[in-house]
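Dear colleague,

Please find the structure below.

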Amino acid sequence: MQARTVTETEKVKEFRHRIREEGLIFWERPDVLAILDPQTAQRVEALNYADLTMFDDVADVLRGRESAPFNWNKLRQGWLGQMRHLNDTDGLRAIAGRMDAILAAEAGREQDLLWLGERVAVEPLIPAIIDGLGPVDRRWVVSEVFSKIAWFLSDVDDGRVSSWHKPKMITLQVLAGLAVRRELKGRLSGRRPRRKDLTDPVVDMIPTLGLGRAVDAVTSLLTAVTGSPGAAAACLLFELDHNPEWRAKMEAELGAIPLDEFCTSPTRLAPITGRFVKEVLRIWSTPPVVVREVRTDLEHGDVCLKKGQQYVLSSYMLHHGEQDWGNADVFDPDRWLAEARRSGQCPHGSYVPFGWAPKSCIGANLGMAQMMLLAHFVCTRYALRVPEHGRGSMAVASLVRPRDFRGAIVRRDGTTQGANAA
Ligand code: HEM
């Protein structure tokens, strides 16, 4: 394994310092409690989100009336039900096909591998969220999602966005919202067909949810995939480049499993790759820090929070806590071997790459499967070429991702290079 340079924001550095000085729970600012103890984080999240009633529809607020109460859990249940189709063998084959199309088109072109990771993870998810859009509406939705991603990445990356990015992003938000609205109305009226995407369960809820909140629900799905999946994919590429011995093991494992078969059960069929992916999601967990509004007065042990205050959680700090993880800063997929886990590694509650219940990621299984698929592609059909091998560093900012990580993916059969090849 090669040494990696990691740049952490001042906030993360401060957390590390204050944990040493004050322990795992401290007032970060007068009204903001940092909760970096795994069990307390779990409990406080459960208490804070015990009532998941959605906010009123903006249209109702403007008319001065209350919307019918609607529980967010109903939406989650609808999405989780649909996830079973998206994550089954056919669903994964469809996603794999879309990922392959992007990799094939980009093969041979030297580029920013962070952006390629974003594209190969996020673009294939958009039809899983909302399928069947016409070309113009699809373009608005894709552009809106990627304008948000560029915005997040501009926190520490110079040159990601231009000075007019924000107005453009807001315009795209409006256009994408209208595209979602048209699709929802079309399906509700029967003019457009029902589909096996995450928008579909929302259609049946429109009579109680209202069209405005239905649009918000679908756009919240689009927003949810702008943070973690692409950053995680780029981190996977980064670790493959930095760990040639693991890449060799994965090439041997994955080379023996044809893609079609792999889609039947990726993690079961490829345990070595599964450990690698789990370790990527541990060491580079995104978003590293989340800030929560306290929704209701709550108490747990010594923690006492009042509505209106805030608390901060950090999966990144939990995943790097020396009390729970031996050599926490070392990339070691073998810590996920059953023997290591039995000896107290990876304790329950300290591994939260998909967040905390009851607001944890609804796409955890699909996200995991997609990481496995990316590993399969880059270890079999394609190869990663980083001219300055081991180059790049990691940035722990609003997202955790590689920086200055340029290179290309190339086809192993050396035949067709992508349409965009230089
Ligand atoms: C490796 C891939 C992924 C990672 C690491 C990841 C991580 C996360 C995390 C950490 C959260 C909680 C954020 C918070 O607490 O504020 C979250 C929430 C969420 N994720 Fe993912 N995610 C991934 C893939 C996906 C996919 C594929 C989908 C859907 C297609 C998805 C949809 C969502 C949604 C809708 C939420 C919000 C849930 C709620 O508010 O009830 N994620 N994700």
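Two strands are said to pair if DSSP finds at least two bridges between them. Helices (H or I, at least four residues) and strands (E, at least two) are DSSP runs, numbered from the N terminus. Residues are numbered from 1 along each chain as its sequence is written. Please note that this is a predicted model, in which local features need pLDDT of at least 70, side-chain atom pairs count only at pLDDT 80 or more, and totals for chains, interfaces and linings use all residues.

I begin with the strands. An open sheet is formed by three strands in the order S4-S12-S9, with antiparallel pairing. Its edge strands are S4 (111-112) and S9 (382-385), each of which pairs on one side only. S4 is joined to S12 (residues 406-411) by two bridges, and aspartate 112 has arginine 406 in S12 as its bridge partner.

Elsewhere, S1 (residues 5-8) pairs with S10 (residues 393-396) in the parallel sense over four bridges; here glutamate 8 stands opposite valine 396. S10 also pairs with S11 (residues 400-403), in the antiparallel sense and over four bridges, with alanine 395 opposite arginine 401. A hairpin of three residues joins S10 to S11.

Turning to the whole chain, there are 19 helices and twelve strands. The radius of gyration (taken over C-alpha atoms) is 22 Å, close to the 22 Å that the globule rule (2.2 Å times the number of residues to the power 0.38) gives for 422 residues, so the chain is as compact as a globular protein of that length. Buried residues (20 or more other C-beta atoms within 10 Å of their own, with C-beta atoms placed from the backbone) make up 40% of the 422 residues.

Beyond its neighbours within four places in sequence, leucine 236 is in contact (C-beta atoms, placed from the backbone, within 7 Å) with Val277, Val280, Met371, Leu374 and Ala375.

Finally, 22 residues lie around the ligand (C-beta atom, placed from the backbone, within 6 Å of it), and Ser228, Gly355, Cys361, Gly363 and Gly367 come nearest. Elements giving two or more residues to this shell are H7 (126-129), H11 (211-224), H12 (228-242) and H19 (364-379).

With kind regards

Note on methods:
Buried ≥ 20, exposed ≤ 12 C-beta atoms within 10 Å, placed from the backbone. Contact = placed C-beta atoms within 7 Å.
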